[in-house]
Amino acid sequence: MRTVTGWWRRRGQATRVEWYIRGSFYSQIALSPLLVAALVQLEVSRTALAVLVAGFIVHTVVCLLLVHAGIQAYLGLRPRPTALILAGGALTAAGVAAGFAAYPGPTPGRPDGPGTAILIVLAVTYVSALCAAVRPRVTFAVAVAGCAVGAVAGTAGAVIALGGLLVTVVAAYRLSLWMLGVVRELDRARHVQAGLAVAEERLRFARDLHDVAGRTLSVVALKAELAAQLARRGREEAVEEMLEVRRIAQDSLTELRAVAGGYRAADLDVELAGARALLTSAGIQCRVIGDGGGLPAQLQGTLGWVVREGATNLLRHSEARSCVVTLRTAPSGVTLTMANNGVAPAASGKVAFGGGLLGLTERVAALGGTVTATRTPPDGFELSVVLPLPLPVPAVAT
């Protein structure tokens, strides 16, 4: 018992609901031979009862196959089981006809006879199985046909009972199937959401790794080249430059560990100071206008990545001699601009975004902001980021 309970608990919620609904369908249909035996055992002989039960078993097997295939078709896992629908309908009609042929009248002392009981059980069983395979209007049409047969061959009470049973069965079973479809859809959505979360985290990690390693490797290459030139000239400053390369590499290792742990955050003022020092050491005159004091931490972190990416691209892809970083704050938003003069004079217009700018755009878009990169004549390049204030409130998953 404990093994069965543990096995059941290991199933997902969607699987439990599906098996519960399937079990409800199967059990109701499987009990139909016992139901007919209970209804007519005192009105027919033992031989007739055995024949009835045998016929109902065949009918029940077909209906069980029909309800299983019907649920699969409802869930989109297979085509509609037309052959089973026709087979079940034929067996139901043949059983009802045989029942009324063998017992055309009511049992003495009773308002109806075994034929009416056979009609009710066969019709309810078949309609229960049919619910999963066809649309509700088709099922109701079959139910109306069953009631019409009952009206011709049975009593008013039997027709009312049959009609009430069929309507209840159709409504309850279609509702159960609808719930099953919703649960499965929610389960699929949950798996898709989990997959998207994994993909988003991988993208975040790749973006952070690009931002951290890109600038650091650019600085290391710049410092190493400077140290090599100083060493060729016999200058003692080469040792200091190599020590600086070692320090940068150690800091980069710390940052990479922080990225792997998901705790890396870029501080705006620190990034502004670092970009100014880096560009100055590379021979690029850098001026910073404004600071990040008083801005929300999340916004500062995003703008810090903007400064980092802009400085990295300036070192890698331009021959700039000067750079101006401007930070303007207004009640409606914050604008950060990085302008330099390192683009070829013939180039103008918008810039095609590479991997770094695309990652930066994703960061900024998550806060409702925009990123633009434009070449300005005669030889300028401008990276501009606009972020709104206050920041948008992230949606809470329900």
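At what angle do helix α5 and helix α6 pack? In this predicted model, local features need pLDDT of at least 70 and side-chain atom pairs count only at pLDDT 80 or more, while totals for chains, interfaces and linings use all residues. Residues are numbered from 1 along each chain as its sequence is written, and side-chain values use heavy atoms, without hydrogens and water.

Helix α5 (residues 82-102) packs against helix α6 (residues 114-130) at about 170°, and their axes lie 8 Å apart. The two are therefore roughly antiparallel (a term for angles over 145 degrees). Helices here are DSSP runs of H or I with at least four residues, and axes are lines fitted to C-alpha atoms over the stretch in contact, with angles from 0 to 180 degrees between N-to-C directions. The contact holds nine nonpolar, seven polar and no charged residues, with Gly counted as polar.

Turning to salt bridges (a Lys or Arg side-chain nitrogen within 4 Å of an Asp or Glu carboxyl oxygen), the model has six. One joins the side chains of Glu18 and Arg22, at 3.1 Å from N to O. Because Glu18 and Arg22 are four residues apart in helix α2 (residues 13-30), about one helical turn separates them.

Note on methods. Parallel < 35°, antiparallel > 145°, perpendicular 65-115°, else oblique.
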